[in-house]
Amino acid sequence: MKIQFFKKISALILFSFFALNTFAQKFGYVDTEYILNQIPEYKAAQAELDKASLDWQKEIDSKYAEIDKLSKAYAAEKIFLTDEMMKKRETEIETRQKEVRDLQKDKFGVDGELFKKRMELIKPIQDKIYSAVKAVAERAGLAIVFDKSSDLTMLYTSPRHDKSDDVLNYMGYNKK
């Protein structure tokens, strides 16, 4: 509760600072989430990312299920195994667990395939939006453009300052 209060106060102070320093400057805002949802290429890219993510997660879940099966079988048969056989089974289980963790990191990690695929598919769209925002801002003589969908809390927004549809029009998309 206190954290949200402090975030709102911080945003208000930040906004007040901008208001004082930009007294004679014009500003506007866009809603990039709204813009992205109006672009068919983004929807297709997001669907492709979701499918790839789901496929990889199924593969990982399947491998974890195999490890679980091996672990249960080992636990059930442990009393009948020699020390050498127990070590061999434990090593096999540990090796498979490491392989799955590595696979998970390769697919979903910081520099994993999902991140690379997202950069490949989404970044060009984001760059296109940024260029359009810049062009619309320059054409409208705006000094500052806020993003309504980002973490910066906007306590009040007047629709007359919303440049989202202008950005879409500039990019060649009509409002739906």
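Which helix holds the place of Lys107? Keep that in mind while you set up the view.

**Before you click**

What you have open is a predicted model, where local features need pLDDT of at least 70, side-chain atom pairs count only at pLDDT 80 or more, and totals for chains, interfaces and linings use all residues. Residue numbers start from 1 along each chain as its sequence is written, and side-chain values use heavy atoms, with hydrogens and water left out.

**Whole chain**

Of the 176 residues, 27% are buried (under 20% relative accessible area; exposed is over 50%, partly exposed in between; 1.4 Å probe, protein chains only). Take the contacts (heavy atoms within 4.5 Å) between residues at least 6 apart in sequence: 80% of them join residues at least 24 apart.

**Select Lys107**

Go to helix H4, residues 83–108, and there is Lys107. Lys107 has a relative accessible area of 12%, so it is buried. Show what it touches, leaving aside neighbours within four places in sequence: Trp56, Gly112, Glu113 and Leu114.

**Select Asp31**

Next, hop to the loop between strand S1 (26–30) and helix H2 (32–37), where Asp31 lies. Asp31 counts as buried because its relative accessibility is 18%. A polar atom of the Asp31 side chain lies 3.2 Å from the backbone nitrogen of Glu33. Beyond four places in sequence, the contacts of Asp31 are Asp147, Lys148, Ser149 and Ser164. Pick the C-alpha atoms of Asp31 and Ser164: they are 5.8 Å apart, although 133 residues separate the two along the chain.

**Follow Ser164 into H6**

Ser164 takes you to helix H6 (residues 164–171), where Ser164, Val167, Leu168 and Met171 are buried. They sit on the same side of H6, because they cover an arc of only 100° around the axis (taken from the directions from the helix axis to the C-beta atoms). An α-helix has 3.6 residues a turn, so residues three or four places apart point the same way.

What do the buried residues of H6 pack against? Display S1, H2 and helix H5 (113–140): those are the partners. For a last stop, select Gly172, which follows H6 and has a positive phi, near 95°.

Key. Helices (H or I, at least four residues) and strands (E, at least two) are DSSP runs, numbered from the N terminus. A polar contact is a pair of N or O atoms within 3.5 Å; within protein, one must be able to donate a hydrogen and the other to accept it, and residues adjacent in sequence count only if both atoms are side-chain atoms.
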